[in-house]
Amino acid sequence: MVLKEESVVTMLLREKINEIRQAKRVSIDRITKTGISKNKYYRFVSGEGSLSIGDLQKLIELLTVSLSEVVADSSERDQLIFNEFGDYFTLDVAEYEQRAKNAARRYMATKLTAYYTISTVYELGARIKKLNPPQIMSMICTMA
């Protein structure tokens, strides 16, 4: 049996939505409050049924993620991280700290590990910028 590309995309979408729902601990009862029945949701994630665009939009809003985050594969998430750090070495401490806070908020809203990684890297950047050069050299020598 040859799978159509649409089927593969739909399968990945189902898996990702259910994965995000579980990671965020969104109950089926909360989903039913959007007008999507329990049966309809389970049929969707099991591959036995489908959702309308409207129902898909309700789910995405409930899960507080964007459609692009749901369908992004790991290489796209890697690209998100890469793009985030284009001006990394030119920032000052306040900018590092602000970006760390923003990424942490996005992580708390989406539970996407890419945002956790981004937040951590900016926090480290802020800490390093606060150090003076002799302290940095001391840290490097200690690690070696």
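Is Tyr41 buried or exposed? I looked this up before anything else, keeping in mind that the model is predicted. Tyr41 comes out at 0% relative accessibility, so I noted it as buried.

Next I checked the ring beside it. Tyr41 and Tyr42 make an aromatic pair, with 5.9 Å between centres and 65° between planes, which is edge-to-face. Tyr42 has a relative accessible area of 42%, so I put it down as partly exposed.

Then I went to the nonpolar core. The largest one holds 16 residues, and Tyr41 is among those touching the most other members, along with Ile17, Ile31, Ile36, Leu59 and Leu63. Helices H1 (5-23), H2 (28-32), H3 (38-46) and H4 (53-62) each give two or more residues to this core. H4 has the largest share, with four residues.

Which residues does Leu59 contact, leaving aside neighbours within four places in sequence? I found Ile17, Ile31, Ile36, Tyr41 and Leu51.

Apart from this core I found another, made of eleven residues, including Tyr88, Tyr96, Ala100 and Ala126.

Back to the rings: I counted three aromatic pairs in the structure. One of them joins Tyr96 and Tyr122, and I logged this pair as tilted, at 6.2 Å centre to centre and 55° between the planes. Where do the two partners sit? Tyr96 is in helix H7 (residues 93-110) and Tyr122 in helix H8 (residues 113-130), 26 residues apart, so the pair links distant parts of the chain. I checked burial here too: Tyr96 is buried at 3% relative accessibility, and Tyr122 is buried with a relative accessible area of 0%.

Note on methods: Residues are numbered from 1 along each chain as its sequence is written. This is a predicted model: local features need pLDDT of at least 70, side-chain atom pairs count only at pLDDT 80 or more; totals for chains, interfaces and linings use all residues. Side-chain values use heavy atoms; hydrogens and water are left out. A nonpolar core is a set of buried Ala, Val, Leu, Ile, Met, Phe, Trp, Tyr and Cys residues joined through side-chain atoms within 4.5 Å. Buried means under 20% relative accessible area, exposed over 50%, partly exposed in between (1.4 Å probe, protein chains only). Contact means heavy atoms within 4.5 Å. Rings of Phe, Tyr and Trp (its six-membered ring) pair if their centres lie within 6.5 Å; planes under 30 degrees apart count as stacked, over 60 as edge-to-face and the rest as tilted.
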